[in-house]
Amino acid sequence: MLGIDTSCDETAAAVVAGGRRMLSSVVASQVPLHRRFGGVVPEIACRAHTENITRVVEEALSRAAVGLGDLTGIAVTNRPGLIGALLVGLSAAKAIALARDLPLVGVDHVEAHIFAAVLDREDFPLPAVALVASGGHTSLYLVREAGDLEELGRTTDDAAGEAFDKAAAILDLGYPGGPEVEAAARGGDPRAVPFKRPYLSPDSLDFSFSGVKTALLYHARGQNRKRRGAPLRPGVDVPGAAASFQEAVVAVLTRKTLRAAERTGARHVVAGGGVAANGRLRERLAEACAERGIGLTIPPPELCTDNAAMVAAVGARRLARGERDDLRLDARSRIDRWNPTRS
Ligand code: KG4
Ligand code: ZN
């Protein structure tokens with residue numbers, strides 16, 4: 001199965017055998033193009049995808065040592081994401097499907113982040129609770145089986161990755177922010193700044209990260225100041241602030257994930273999305289799951305961030321169930337609230 005993902009700022013293609021064995025995974029990062037803008041610029045992303053897509057697909061096939069004639073299908077992310085960016089991968093996938101008469105399968109990017117957990121591993125036990133924390137999404141799902149997800153909660157404002165990116169900007173750290181905040185936090189005391197942890201109501205499975213981000217802004221640059229322009233307050237302990245911010249976000253993500261497992265009775269947790277690459281989140285989830293005897297699967301960091309192997313993994317499962325799309329498959333920018341897997 002060939003997988004293609006151009007939903008945001010990475011042009012990705014991969015070849016996966018048997019729905020889980022990675023033969024290749026190529027990710028062309030656009031980070032250097034977007035860095036000076038401090039975020040992804042959609043028009044630049046689309047152009048870069050257009051320039052990269054053919055080379056990236058060819059590279060994925062050649063590293064896997066397969067030709068188009070060896071493929072059994074093509075899986076492509078068609079939702080959610082930047083619409084112009086999605087269309088580049090979708091058009092490429094349709095062209096190959098049409099030219100080689102191969103089945104085409106549209107894949108939900110969020111579901112793909114969950115099923116990254118099967119790559120080069122066993123299937124995780126079901127039902128499972130899945131935490132997807134990325135730059136665009138922060139949600140909890142009950143996964144009953146492949147293709148049958150129920151959303152249990154989601155962010156009411158910023159995604160966790162977006163909060164990390166903004167925190168990095170506030171602290172004058174680099175872009176993208178998650179890895180920079182994590183690196184800075186390594187030298188800091190997580191108790192340095194007592195940020196309030198946004199649990200919302202006691203039984204809520206929703207998230208809110210904008211309050212802790214604003215608290216960090218006031219702490220670092222003083223109240224009533226605009227983020228850009230105002231200098232860091234003299235003597236601000238940047239590693240301490242980064243560690244305290246990370247600890248607050250990680251504590252909330254961990255507590256709510258375990259709360260979701262308790263509520264649904266699921267005995268296994270899966271985590272995915274760029275924020276699941278965070279070492280402190282991985283550590284806290286591992287401790288919390290071990291304490292309660294709950295199983296945990298988190299893909300290696302490079303499979304938490306965007307890639308196309310996870311798309312091929314979901315596509316292979318859909319194809320095995322006899323599901324496929326035709327050339328009318330369209331791109332969609334958003335997910336449905338309650339059933340993100342419905343096409
Ligand atoms: O899943 P992903 O690659 O793309 C989306 O689908 O959004 O996630 C990217 C997000 C960015 O916001 C990035 O800052 C965050 O994941 N991220 C991290 C780490 N690595 C990436 N956040 C915290 N710690 C990390 N180590
Ligand atoms: Zn993603």
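**Note on the zinc site and helix 7**

1. Along the chain, the donors of the zinc ion (ligand 2) are spaced H-x3-H-x192-D, a donor being an N, O or S atom within 2.8 Å of the metal (3.2 Å for Na, K and Ca), with water not among the atoms, so sites may look incomplete. His 113 in helix 4 (residues 109-115) and Asp 306, in the loop between helix 10 (301-304) and helix 11 (309-320), link distant parts of the chain, 193 residues apart. Helices are DSSP runs of H or I of at least four residues, numbered from the N terminus.

2. This is a predicted model, with local features needing pLDDT of at least 70 and side-chain atom pairs pLDDT 80 or more, while totals for chains, interfaces and linings use all residues. Residues are numbered from 1 along each chain as written, chains are lettered from A and ligands numbered from 1 in written order, and side-chain values use heavy atoms, without hydrogens and water.

3. The protein donors are His 109 (NE2), His 113 (NE2) and Asp 306 (OD), at 2.0 to 2.1 Å from the zinc ion (ligand 2).

4. His 113 is buried at 1% relative accessible area, and Asp 306 is buried at 17%. Buried means under 20% (1.4 Å probe, protein chains only).

5. In helix 7, Val 212, Lys 213, Leu 216, Leu 217, Ala 220 and Arg 221 are buried. These residues fall within an arc of 145° seen down the axis, so they line one face of helix 7. Gly 222 follows helix 7, with a positive phi near 90°.

Conventions. Buried means under 20% relative accessible area, exposed over 50%, partly exposed in between (1.4 Å probe, protein chains only). Helices (H or I, at least four residues) and strands (E, at least two) are DSSP runs, numbered from the N terminus. The arc is that of the directions from the helix axis to the C-beta atoms.
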